[in-house]
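Dear colleague,

Please find below the structure that I am handing over to you. My notes on helix packing follow it.

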Amino acid sequence: MAWIVLVLAGVFEVVMALSLKLSNGFGHLWWTLSFLVTAVLSFGLLSYALKTLEVGTAYAVWTGVGAAGTAVLGMIAMGDEVSPARVISIALILAGVIGLRVLA
């Protein structure tokens with residue numbers, strides 16, 4: 001259960017990062033509120049997962065899911081550059097996350 005909660009925390013981190021970008025420096029109220037709500041949810045779920053998971057593993061997975069998810073959505077929805085190097089790098093992050101799950 002902690003792993004599911006941890007991945008969900010990472011998903012909320014992705015929404016948090018995109019909301020932060022779309023808030024335009026906290027200038028748009030709804031995106032700012034989205035940022036605040038998803039930040040609280042993400043950190044709250046991470047905190048819950050840390051009750052049973054090791055801190056290093058949990059933090060690496062949380063940031064890995066958040067970083068990879070944000071990068072992918074940035075390329076799909078925000079017009080970020082897509083290159084083979086970026087795609088390979090994201091795949092390596094996800095491989096690390098999967099490796100931590102399998103080996104933990």
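What pLDDT does the protein chain average, and what share of the residues score at least 70? The protein chain averages 96, and 99% of the residues score at least 70; pLDDT is the predictor's confidence in each residue, from 0 to 100. Confidence in the protein chain is highest in helix 2, with a mean of 98, and lowest in helix 4 (residues 84-103), with a mean of 94.

This is a predicted model, in which local features need pLDDT of at least 70 and side-chain atom pairs count only at pLDDT 80 or more, while totals for chains, interfaces and linings use all residues. Residues are numbered from 1 along each chain as its sequence is written, and side-chain values use heavy atoms, with hydrogens and water left out.

Helices (H or I, at least four residues) and strands (E, at least two) are DSSP runs, numbered from the N terminus. Axes are lines fitted to C-alpha atoms, for helices over the stretch in contact, and angles run from 0 to 180 degrees between N-to-C directions.

Helix 1 with helix 2

Helix 1 (residues 2-22) packs against helix 2 (residues 29-49) at an angle of about 160°, and their axes are 8 Å apart. Helix 1 is therefore roughly antiparallel to helix 2 (angles under 35 degrees count as roughly parallel, over 145 as roughly antiparallel, 65 to 115 as roughly perpendicular and the rest as oblique). The crossing of these two helices is left-handed (the near helix is turned anticlockwise from the far one by less than a right angle; if clockwise, the crossing is right-handed).

Helix 1 with helix 3

Helix 1 and helix 3 (residues 55-77) pack at about 40°, with axes 8 Å apart. Helix 1 is thus oblique to helix 3, and their crossing is right-handed. The contact includes G10 and E13 of helix 1 and G66 and G69 of helix 3. Its residues divide into 13 nonpolar, six polar and one charged.

Helix 3 with helix 4

Helix 3 and helix 4 pack at an angle of about 150°, with their axes 9 Å apart. Helix 3 is therefore roughly antiparallel to helix 4, and passes helix 4 in a left-handed crossing. Residues of helix 3 including G64 and M75 meet residues of helix 4 including R86 and I90.

Yours sincerely

How values were computed
Contact means heavy atoms within 4.5 Å. Ala, Val, Leu, Ile, Met, Phe, Trp, Tyr, Cys and Pro count as nonpolar, Asp, Glu, Lys and Arg as charged, and the others, Gly among them, as polar.
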